[in-house]
Amino acid sequence: MFFHRSLVLGASTFAMVPLLVLAVSPPWESGRRHGELFVAGSADDASLRTRIAALSPTVSPDDARRVAYAAYMTGLELRREWHVVWLPGLQNLLVNMGARKGGLCFQWATELLVRLDALKLQTLELHWAESFANTSGEHNVIVVTARGQAFEEGILLDNWRYSGHLVWTQVATDPEYHWTENKSELVRRLGRARDVASKHVRSTMKSN
């Protein structure tokens, strides 16, 4: 969720934390499937690898494996780096207060997008997805499809919803969000990431 839009959600979540801590436990502790949502159990999650590969006969099993690995490890690594807490709304509040470096949904999605783009996938395409766009509840994830495949047939990868634990499902069967593609946002975020990387390289060369 965007920085300026997530404060209300974070604040309301923070106010409810004492009750929620007593009433619920993190969803990944009670099983791997939650309705049509699935939680990856490892960086080599067989169900996720198989589902990505099954998007099309043209999808390379190796591409599917690398995407599953990168998505899982992104959640694991950033959960540690950002000191992520449960619930996600509480993490939003901490970020907005300056107490955490990251953890808003668009930050998760951007980091994952950059890492997946670096894989130079030959048989899969990446998509920037958004739900409840331009509202306080806006959420962003990355969707993968076979090359040339419709966005609606893809698999979404979400590191934010379960606080760094990788959630995935088919775009059309997500029980909590209705997703639409934003192609221009994908281009914008990849362009910004490449500009930052280029500036870093130039700065390193000058210092040497």
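In the predicted model, helix 3 and helix 5 meet through two sets of residues. Helix 3 contributes Val67, Ala70, Ala71, Met73, Thr74, Gly75, Glu77, Leu78 and Arg79. Helix 5 contributes Trp108, Glu111, Leu112, Arg115 and Leu116. By class, this contact holds 8 nonpolar, 2 polar and 4 charged residues. An α-helix has 3.6 residues a turn, so residues three or four places apart point the same way.

Helix 3 spans residues 61–81, and helix 5 spans residues 105–117. Their axes lie 10 Å apart and form an angle of about 135°. Helix 3 is therefore oblique to helix 5. Angles over 145 degrees would count as roughly antiparallel, and those from 65 to 115 as roughly perpendicular. The crossing of helix 3 and helix 5 is right-handed.

Helix 3 also packs against helix 2, which covers residues 46–53. Here the angle is again about 135°, with the axes 8 Å apart. That angle makes helix 2 oblique to helix 3. The crossing of helix 2 and helix 3 is right-handed. From helix 2, the residues in contact are Leu48, Arg49, Ile52 and Ala53. From helix 3, they are Ala64, Arg65, Val67 and Ala68. By class, the contact has 6 nonpolar residues, no polar ones and 2 charged ones.

Along the sequence, the pattern reads α-β-β-α-α-α-α-β-β-β-β-β-α. The protein has 208 residues, of which 48% are buried. Among contacts with a separation of 6 or more, 61% join residues 24 or more positions apart.

The loop between helix 3 and helix 4 holds histidine 83 and leucine 87. Histidine 83 has a positive phi of about 50°, although it is not a glycine. With a relative accessible area of 54%, histidine 83 is exposed, because the cut-off for exposed is over 50%. Further along, a cis peptide bond joins tryptophan 86 to leucine 87. Its omega is about 20°.

Just after helix 4, glycine 98 takes a positive phi of about 90°.

Several loops between strands also show local features. Phenylalanine 132 sits in the loop between strand 3 (124–131) and strand 4. Its phi is positive, near 55°, in a residue other than glycine. Phenylalanine 132 has 48% relative accessibility and so counts as partly exposed.

Glutamine 149 lies in the loop between strand 4 (139–146) and strand 5 (155–162). Its relative accessibility is 15%. Buried means under 20%, so glutamine 149 counts as buried. The side chain of glutamine 149 reaches the backbone oxygen of leucine 55 at 2.9 Å.

Alanine 172 occupies the loop between strand 6 (165–170) and strand 7 (180–181). Alanine 172 is exposed, with a relative accessible area of 59%. The C-alpha atoms of alanine 172 and glutamate 152 are separated by 6.0 Å. Along the chain, alanine 172 and glutamate 152 are 20 residues apart.

Definitions and conventions: Residues numbered from 1 in each chain as written. Predicted model: local features only at pLDDT ≥ 70, side-chain atom pairs only at ≥ 80, totals over all residues. Heavy atoms only, no water. Helix = DSSP H or I, 4+ residues; strand = E, 2+ residues; numbered from the N terminus. Buried < 20%, exposed > 50% of the residue type's maximum accessible area, 1.4 Å probe, protein only. Polar contact = N/O pair within 3.5 Å; in protein donor to acceptor, adjacent residues only side chain to side chain. Axes fitted to C-alpha atoms, helices over the stretch in contact; angles between N-to-C directions. Parallel < 35°, antiparallel > 145°, perpendicular 65-115°, else oblique. Left-handed = near helix turned anticlockwise from the far one by under 90°. Contact = heavy atoms within 4.5 Å. Nonpolar A, V, L, I, M, F, W, Y, C, P; charged D, E, K, R; others polar.
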